[in-house]
Amino acid sequence: METRVNVQARAQVDEGLRQYMLKIYNFMCAGLCLTALSAYLVANTPLIRLFFNVSAQGVSMSALGWLFLFAPLIMVFAFNSVVQRGTLTQVQGMFWGFSVVMGISLTPILLAYTGASVARVFLTTAAMFGGMSLYGYTTKKDLSGMGSFLIMGVWGLLIASLINIFFQSEGLSYAVSIIGVLIFTGLTAYDVQTFRNIYSAADTEETMGKKAIMGALNLYMDFINMFIYLLRLMGDRR
């Protein structure tokens, strides 16, 4: 039988883990809200003229718009360096800045699809994300092998998307969207399990905070990518 000390210790670890995971989801949700607000403000205020050229023929990117389109990718690669060398405050600032920049880069989506379909796809994404998060948190199965395969798939998606910029194939675009949904759905469960497993009650407050923000960034990216690919499949264009 377990001693009272062991039971209490395990209860403290469980509570610490719960608070840690809650912090990850709070950061992720706050980041998504900031992204949505940024996209909305740019799409519905004169700010849009800074990033996009709007005309009767449609919307095209300005020089600043192209910069913000690729900025999120650059910031993702720079994030690890900030986590390793920066303070918790700097890591948080990087995350909030990334969320704003991502919102600006996603503005064309709000302009290309109807508001009703964006809302519908968002709710669908939230339901799928929630289900896979719960699976990743509760499953006893080791998902590390699946994660390695899915990460390779992300690079394959990136290459296929770059190729399709030149070929403009609707069939390839449709296939990429379906595979993208499957990959990021699986990555959601993998990332939840990964950050659950790296929790340590012995971590300092700063280390715990950095881990939580890194977890939030990973889950944020899973959600955003799942949303974009589902929107391509289910969204109604204006």
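Colleague: What makes the span of helix α4 (residues 88-105) agree with its number of residues?

Modeller: The rule for the expected span is 1.5 Å times one less than the number of residues. For the 18 residues of α4 this gives 26 Å, and the end C-alpha atoms are 26 Å apart, so the two agree. Before we go on, this is a predicted model, where local features need pLDDT of at least 70 and side-chain atom pairs count only at pLDDT 80 or more, while totals for chains, interfaces and linings use all residues. Residues are numbered from 1 along each chain as its sequence is written, and side-chain values use heavy atoms, with hydrogens and water left out.

Colleague: Thanks! Which residues of α4 are called buried?

Modeller: Buried means under 20% relative accessible area, exposed means over 50%, and partly exposed lies in between (1.4 Å probe, protein chains only). In α4 the buried residues include Leu-88, Val-91, Met-94, Phe-95 and Phe-98. Across the protein chain, buried residues make up 40% of the 238.

Colleague: Why is α9 described as largely enclosed by the rest of the structure?

Modeller: Of its 30 residues, 22 are buried, so the description holds. As for its length, α9 reaches 42 Å from its first C-alpha to its last, close to the expected 44 Å.

Colleague: How do you know how many helices and strands there are?

Modeller: They are DSSP runs, numbered from the N terminus: helices are H or I with at least four residues, strands are E with at least two. That gives 9 helices and 2 strands, in the order α-α-β-β-α-α-α-α-α-α-α from the N terminus on.

Colleague: Why does the radius of gyration agree with a compact globule?

Modeller: It is taken over C-alpha atoms, and the globule rule is 2.2 Å times the number of residues to the power 0.38. For 238 residues the rule gives a value near 18 Å and the protein chain has 20 Å, so this counts as agreement. The C-alpha atoms fill a box of roughly 75 × 35 × 30 Å along the principal axes.

Colleague: What class of residue lines the second largest pocket?

Modeller: Ala, Val, Leu, Ile, Met, Phe, Trp, Tyr, Cys and Pro count as nonpolar, Asp, Glu, Lys and Arg as charged, and the others, Gly among them, as polar. On that scheme the lining has 16 nonpolar, 2 polar and 1 charged residues. α1 gives the most, with 6 residues, and α1, α5, α6 and α9 each supply at least two.

Colleague: What makes the pair of Asp-142 and Ser-144 a polar contact?

Modeller: A polar contact is a pair of N or O atoms within 3.5 Å; within protein, one must be able to donate a hydrogen and the other to accept it, and residues adjacent in sequence count only if both atoms are side-chain atoms. The two side chains make such a contact at 3.0 Å.
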